[in-house]
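Please keep the sequence and the 3D view at hand while reading.

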Amino acid sequence: MLGAGGQLGSALLRLLPDPVGFTRLELSVGDRLGIERAIREHRPQVVLNCAAFNAVDRAESEPQLAHEVNAVGAANAAAACRQLGPRFVHFSTNFVFDGSLDRPYVEGDTARPLSVYGRSKLEGEEAVLATLPEALVIRTAAVFGDTGSAVKGGSFPERVVERARRGERLRVVSDQKINPTYARDLAQAAIALAGSDMTGVVHVVAAGCCAWDELARAALEECGVDAAIASVATADLTLAAARPLNGCLGSLRTAPLRPWREGLAEWAANRSEGAPDSP
(Lines give C-alpha, C1' and ligand atoms only; values in the text may rest on other atoms or scores of the structure.)
Protein backbone atom coordinates (compact mmCIF):
# COMPACT_ATOMS: atom_id res chain seq x y z
CA MET A 1 0.00 0.00 0.00
CA LEU A 2 1.17 3.50 -0.86
CA GLY A 3 0.22 6.43 1.35
CA ALA A 4 -0.20 4.27 4.44
CA GLY A 5 0.10 7.15 6.91
CA GLY A 6 -3.19 8.92 6.23
CA GLN A 7 -6.78 8.36 7.30
CA LEU A 8 -7.67 5.76 4.68
CA GLY A 9 -4.27 4.08 4.64
CA SER A 10 -4.33 3.66 8.41
CA ALA A 11 -7.83 2.17 8.26
CA LEU A 12 -6.76 -0.27 5.54
CA LEU A 13 -3.74 -1.37 7.56
CA ARG A 14 -5.99 -2.26 10.49
CA LEU A 15 -8.31 -4.36 8.33
CA LEU A 16 -5.95 -6.16 5.94
CA PRO A 17 -4.30 -9.44 6.93
CA ASP A 18 -0.50 -9.10 6.95
CA PRO A 19 -0.45 -5.73 5.16
CA VAL A 20 2.64 -4.06 3.80
CA GLY A 21 2.29 -0.30 3.82
CA PHE A 22 4.59 2.58 3.01
CA THR A 23 4.21 6.17 4.14
CA ARG A 24 5.20 9.06 1.90
CA LEU A 25 8.59 9.27 3.60
CA GLU A 26 9.22 5.54 3.24
CA LEU A 27 8.28 5.27 -0.43
CA SER A 28 7.21 8.18 -2.61
CA VAL A 29 4.89 7.65 -5.56
CA GLY A 30 7.42 9.73 -7.47
CA ASP A 31 9.89 6.84 -7.17
CA ARG A 32 8.74 4.39 -9.85
CA LEU A 33 11.84 2.20 -9.49
CA GLY A 34 11.30 2.08 -5.74
CA ILE A 35 7.70 0.99 -6.27
CA GLU A 36 8.87 -1.75 -8.61
CA ARG A 37 11.46 -2.93 -6.07
CA ALA A 38 8.82 -3.05 -3.34
CA ILE A 39 6.45 -5.08 -5.54
CA ARG A 40 9.22 -7.54 -6.44
CA GLU A 41 10.20 -7.92 -2.80
CA HIS A 42 6.76 -8.28 -1.24
CA ARG A 43 4.82 -9.80 -4.19
CA PRO A 44 1.42 -8.30 -3.34
CA GLN A 45 -1.72 -9.44 -5.10
CA VAL A 46 -3.12 -5.91 -4.87
CA VAL A 47 -1.51 -2.48 -4.67
CA LEU A 48 -3.69 0.23 -3.12
CA ASN A 49 -2.66 3.81 -3.81
CA CYS A 50 -3.85 6.10 -1.01
CA ALA A 51 -1.06 8.61 -1.62
CA ALA A 52 -2.25 12.09 -2.53
CA PHE A 53 -1.41 15.76 -2.32
CA ASN A 54 -4.72 16.84 -0.80
CA ALA A 55 -3.98 20.35 0.46
CA VAL A 56 -6.69 21.87 -1.74
CA ASP A 57 -5.85 25.55 -1.24
CA ARG A 58 -2.09 25.06 -1.18
CA ALA A 59 -2.28 23.29 -4.53
CA GLU A 60 -3.26 26.60 -6.14
CA SER A 61 0.21 27.98 -5.38
CA GLU A 62 2.02 24.66 -5.85
CA PRO A 63 0.41 23.18 -8.97
CA GLN A 64 3.52 21.32 -10.05
CA LEU A 65 3.77 19.45 -6.78
CA ALA A 66 0.08 18.55 -6.92
CA HIS A 67 0.55 17.28 -10.48
CA GLU A 68 3.66 15.29 -9.61
CA VAL A 69 1.97 13.46 -6.74
CA ASN A 70 -1.62 13.12 -7.94
CA ALA A 71 -1.03 12.56 -11.65
CA VAL A 72 2.57 11.46 -12.29
CA GLY A 73 2.76 9.47 -9.05
CA ALA A 74 -0.48 7.65 -9.81
CA ALA A 75 0.80 6.82 -13.30
CA ASN A 76 4.07 5.52 -11.82
CA ALA A 77 2.23 3.12 -9.55
CA ALA A 78 -0.05 1.95 -12.37
CA ALA A 79 2.93 1.37 -14.67
CA ALA A 80 4.71 -0.69 -12.02
CA CYS A 81 1.61 -2.85 -11.58
CA ARG A 82 1.21 -3.25 -15.34
CA GLN A 83 4.79 -4.47 -15.57
CA LEU A 84 4.77 -6.78 -12.55
CA GLY A 85 1.17 -7.99 -12.40
CA PRO A 86 -0.66 -7.04 -9.18
CA ARG A 87 -4.13 -5.56 -9.28
CA PHE A 88 -4.10 -1.79 -8.84
CA VAL A 89 -6.66 0.23 -6.88
CA HIS A 90 -6.38 4.02 -6.95
CA PHE A 91 -8.39 6.52 -4.88
CA SER A 92 -9.80 9.77 -6.22
CA THR A 93 -12.22 12.49 -5.21
CA ASN A 94 -15.53 14.27 -5.74
CA PHE A 95 -13.46 17.40 -6.55
CA VAL A 96 -13.23 16.21 -10.16
CA PHE A 97 -16.77 17.62 -10.59
CA ASP A 98 -17.85 21.27 -10.70
CA GLY A 99 -20.86 20.83 -8.43
CA SER A 100 -23.40 22.38 -10.79
CA LEU A 101 -25.83 19.44 -10.94
CA ASP A 102 -28.87 19.29 -8.68
CA ARG A 103 -28.39 15.58 -7.92
CA PRO A 104 -25.51 13.39 -6.75
CA TYR A 105 -22.87 12.78 -9.40
CA VAL A 106 -22.60 9.26 -10.80
CA GLU A 107 -19.76 7.57 -12.61
CA GLY A 108 -20.83 8.57 -16.12
CA ASP A 109 -21.18 12.29 -15.42
CA THR A 110 -18.70 14.61 -17.08
CA ALA A 111 -15.83 15.69 -14.85
CA ARG A 112 -15.15 19.43 -14.78
CA PRO A 113 -12.82 20.24 -11.89
CA LEU A 114 -12.74 23.78 -10.53
CA SER A 115 -9.35 23.70 -8.80
CA VAL A 116 -5.74 22.70 -9.33
CA TYR A 117 -6.28 19.87 -6.87
CA GLY A 118 -9.33 18.60 -8.74
CA ARG A 119 -7.55 18.83 -12.09
CA SER A 120 -4.53 16.95 -10.77
CA LYS A 121 -6.73 14.17 -9.41
CA LEU A 122 -8.61 13.88 -12.70
CA GLU A 123 -5.29 13.74 -14.54
CA GLY A 124 -4.31 10.94 -12.18
CA GLU A 125 -7.46 8.97 -12.93
CA GLU A 126 -6.93 9.36 -16.67
CA ALA A 127 -3.26 8.41 -16.45
CA VAL A 128 -4.02 5.31 -14.38
CA LEU A 129 -6.68 3.99 -16.75
CA ALA A 130 -4.64 4.85 -19.85
CA THR A 131 -1.69 2.96 -18.41
CA LEU A 132 -3.64 0.07 -16.90
CA PRO A 133 -7.24 -0.18 -18.21
CA GLU A 134 -8.04 -3.03 -15.79
CA ALA A 135 -7.26 -0.84 -12.77
CA LEU A 136 -9.98 0.23 -10.35
CA VAL A 137 -10.42 3.93 -9.53
CA ILE A 138 -12.51 4.60 -6.42
CA ARG A 139 -13.88 8.13 -6.08
CA THR A 140 -15.02 9.14 -2.63
CA ALA A 141 -15.88 12.27 -0.63
CA ALA A 142 -15.30 14.01 2.71
CA VAL A 143 -13.39 11.15 4.34
CA PHE A 144 -12.96 11.27 8.10
CA GLY A 145 -11.28 8.70 10.27
CA ASP A 146 -9.74 7.63 13.55
CA THR A 147 -6.37 8.87 12.31
CA GLY A 148 -6.41 12.44 11.06
CA SER A 149 -4.99 13.89 7.89
CA ALA A 150 -1.37 14.89 8.40
CA VAL A 151 -1.89 17.85 6.07
CA LYS A 152 -4.78 19.33 8.02
CA GLY A 153 -3.87 18.25 11.55
CA GLY A 154 -6.86 15.95 12.05
CA SER A 155 -10.04 14.94 10.27
CA PHE A 156 -12.81 17.53 10.00
CA PRO A 157 -14.96 16.23 12.90
CA GLU A 158 -11.89 16.02 15.13
CA ARG A 159 -10.87 19.59 14.37
CA VAL A 160 -14.39 20.86 15.05
CA VAL A 161 -14.59 19.09 18.40
CA GLU A 162 -11.15 20.22 19.53
CA ARG A 163 -11.76 23.82 18.52
CA ALA A 164 -15.10 23.83 20.31
CA ARG A 165 -13.49 22.51 23.48
CA ARG A 166 -10.93 25.30 23.30
CA GLY A 167 -13.76 27.80 23.12
CA GLU A 168 -12.91 28.98 19.61
CA ARG A 169 -15.48 30.56 17.34
CA LEU A 170 -16.74 28.05 14.79
CA ARG A 171 -17.81 29.24 11.33
CA VAL A 172 -18.69 26.42 8.92
CA VAL A 173 -20.02 26.57 5.38
CA SER A 174 -23.66 25.68 4.82
CA ASP A 175 -23.82 25.70 1.01
CA GLN A 176 -21.35 22.91 0.21
CA LYS A 177 -22.96 19.45 0.27
CA ILE A 178 -20.98 16.24 0.67
CA ASN A 179 -21.26 12.57 1.69
CA PRO A 180 -19.27 12.35 4.96
CA THR A 181 -17.55 8.97 4.59
CA TYR A 182 -16.00 7.09 7.51
CA ALA A 183 -12.55 5.83 6.55
CA ARG A 184 -13.12 2.41 8.08
CA ASP A 185 -16.29 1.89 6.03
CA LEU A 186 -14.49 3.01 2.88
CA ALA A 187 -11.58 0.69 3.64
CA GLN A 188 -13.88 -2.31 4.07
CA ALA A 189 -15.62 -1.57 0.78
CA ALA A 190 -12.31 -1.02 -1.02
CA ILE A 191 -11.00 -4.39 0.15
CA ALA A 192 -14.14 -6.11 -1.12
CA LEU A 193 -13.97 -4.31 -4.47
CA ALA A 194 -10.27 -5.09 -4.81
CA GLY A 195 -11.20 -8.77 -4.63
CA SER A 196 -13.85 -8.38 -7.32
CA ASP A 197 -13.49 -8.13 -11.09
CA MET A 198 -14.71 -4.52 -11.22
CA THR A 199 -12.56 -2.14 -13.28
CA GLY A 200 -12.75 1.52 -14.22
CA VAL A 201 -14.30 4.25 -12.08
CA VAL A 202 -16.68 3.59 -9.20
CA HIS A 203 -18.10 5.95 -6.57
CA VAL A 204 -17.94 4.71 -2.98
CA VAL A 205 -19.43 7.02 -0.34
CA ALA A 206 -21.68 6.94 2.70
CA ALA A 207 -25.41 7.03 2.14
CA GLY A 208 -26.86 10.50 2.42
CA CYS A 209 -25.61 14.03 1.83
CA CYS A 210 -25.35 16.96 4.18
CA ALA A 211 -23.73 20.37 4.44
CA TRP A 212 -20.48 20.84 6.32
CA ASP A 213 -22.21 22.78 9.08
CA GLU A 214 -24.64 19.90 9.61
CA LEU A 215 -21.71 17.52 9.90
CA ALA A 216 -20.03 19.85 12.39
CA ARG A 217 -23.13 20.00 14.60
CA ALA A 218 -23.54 16.23 14.42
CA ALA A 219 -19.91 15.71 15.47
CA LEU A 220 -20.38 17.97 18.49
CA GLU A 221 -23.60 16.15 19.42
CA GLU A 222 -21.99 12.71 19.13
CA CYS A 223 -19.09 13.84 21.35
CA GLY A 224 -21.31 15.55 23.89
CA VAL A 225 -19.92 19.03 23.27
CA ASP A 226 -22.22 22.01 23.64
CA ALA A 227 -21.04 24.74 21.28
CA ALA A 228 -22.54 27.02 18.65
CA ILE A 229 -21.83 26.71 14.95
CA ALA A 230 -22.18 29.84 12.83
CA SER A 231 -23.32 28.87 9.33
CA VAL A 232 -21.69 30.87 6.55
CA ALA A 233 -21.69 30.85 2.76
CA THR A 234 -18.65 29.80 0.79
CA ALA A 235 -18.52 33.30 -0.69
CA ASP A 236 -18.00 34.68 2.81
CA LEU A 237 -14.74 32.78 3.22
CA THR A 238 -11.32 33.61 1.77
CA LEU A 239 -10.32 30.43 -0.05
CA ALA A 240 -7.60 30.05 -2.66
CA ALA A 241 -9.34 27.16 -4.41
CA ALA A 242 -12.91 26.95 -5.64
CA ARG A 243 -15.03 24.14 -4.21
CA PRO A 244 -17.95 22.31 -5.85
CA LEU A 245 -21.10 23.37 -3.99
CA ASN A 246 -22.65 20.00 -4.78
CA GLY A 247 -19.96 17.49 -3.83
CA CYS A 248 -22.39 14.61 -3.38
CA LEU A 249 -21.67 11.34 -5.14
CA GLY A 250 -23.97 8.48 -6.06
CA SER A 251 -23.27 5.26 -7.91
CA LEU A 252 -24.77 3.19 -10.69
CA ARG A 253 -22.26 0.43 -10.01
CA THR A 254 -22.35 -0.31 -6.29
CA ALA A 255 -24.55 0.27 -3.25
CA PRO A 256 -23.75 3.13 -0.89
CA LEU A 257 -22.08 2.51 2.44
CA ARG A 258 -24.12 2.80 5.64
CA PRO A 259 -25.59 6.25 6.39
CA TRP A 260 -22.99 8.84 7.26
CA ARG A 261 -24.45 9.50 10.70
CA GLU A 262 -23.87 5.84 11.67
CA GLY A 263 -20.24 6.08 10.65
CA LEU A 264 -19.90 9.31 12.60
CA ALA A 265 -21.35 7.64 15.71
CA GLU A 266 -18.77 4.86 15.48
CA TRP A 267 -16.00 7.44 14.99
CA ALA A 268 -17.13 9.26 18.15
CA ALA A 269 -17.29 6.01 20.11
CA ASN A 270 -13.79 5.02 19.00
CA ARG A 271 -12.57 8.50 19.87
CA SER A 272 -13.97 8.29 23.41
CA GLU A 273 -12.35 4.88 23.84
CA GLY A 274 -8.98 6.22 22.73
CA ALA A 275 -8.62 4.36 19.46
CA PRO A 276 -4.93 4.21 18.49
CA ASP A 277 -3.60 6.43 15.75
CA SER A 278 -1.65 3.61 14.14
CA PRO A 279 -1.80 -0.17 14.00
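Does Cys-209 count as buried, partly exposed or exposed, and at what relative accessibility? Cys-209 counts as partly exposed because its relative accessibility is 35%, where buried means under 20% relative accessible area, exposed means over 50%, and partly exposed lies in between (1.4 Å probe, protein chains only).

## Basis of the model

This is a predicted model, in which local features need pLDDT of at least 70 and side-chain atom pairs count only at pLDDT 80 or more, while totals for chains, interfaces and linings use all residues. Residues are numbered from 1 along each chain as its sequence is written, and side-chain values use heavy atoms, with hydrogens and water left out.

Helices (H or I, at least four residues) and strands (E, at least two) are DSSP runs, numbered from the N terminus. In strand β3, which covers residues 136–140, five of the five residues are buried, so the strand is largely enclosed by the rest of the structure. Leu-136, Ile-138 and Thr-140 point one way from β3, whereas Val-137 and Arg-139 point the other way, and all are buried.

Two strands pair if DSSP finds at least two bridges between them. Strand β2 (residues 87–93) runs parallel to β3 and is joined to it by five bridges, and Thr-93 stands opposite Thr-140 in β3. From β2 the chain passes through helix α5 (residues 116–131) to reach β3, in a β-α-β crossover that is right-handed, meaning that, with the strands pointing away from the viewer, the path from the first strand over the helix to the second runs clockwise. Strand β8 (residues 200–203) is also parallel to β3, with four bridges joining the two, and Val-201 in β8 is the bridge partner of Val-137.

## The disulfide

A disulfide is taken here as a pair of cysteine sulfur atoms within 2.5 Å, and by this rule the count comes to one. Cys-209 and Cys-248 form a disulfide, with their sulfur atoms 2.5 Å apart. Cys-209 lies in the loop between β9 (206–207) and β10 (210–211), and Cys-248 in the loop between β11 (230–232) and β12 (257–259), so the pair ties together parts that are 39 residues apart in sequence. Cys-248 counts as buried because its relative accessibility is 4%.

Cys-50 is in no disulfide, and the nearest cysteine sulfur, that of Cys-81, is 13 Å away; Cys-50 is buried, with a relative accessible area of 16%. Cys-223 is likewise in no disulfide, the nearest cysteine sulfur being that of Cys-210, 15 Å away, and at 15% relative accessibility Cys-223 counts as buried.
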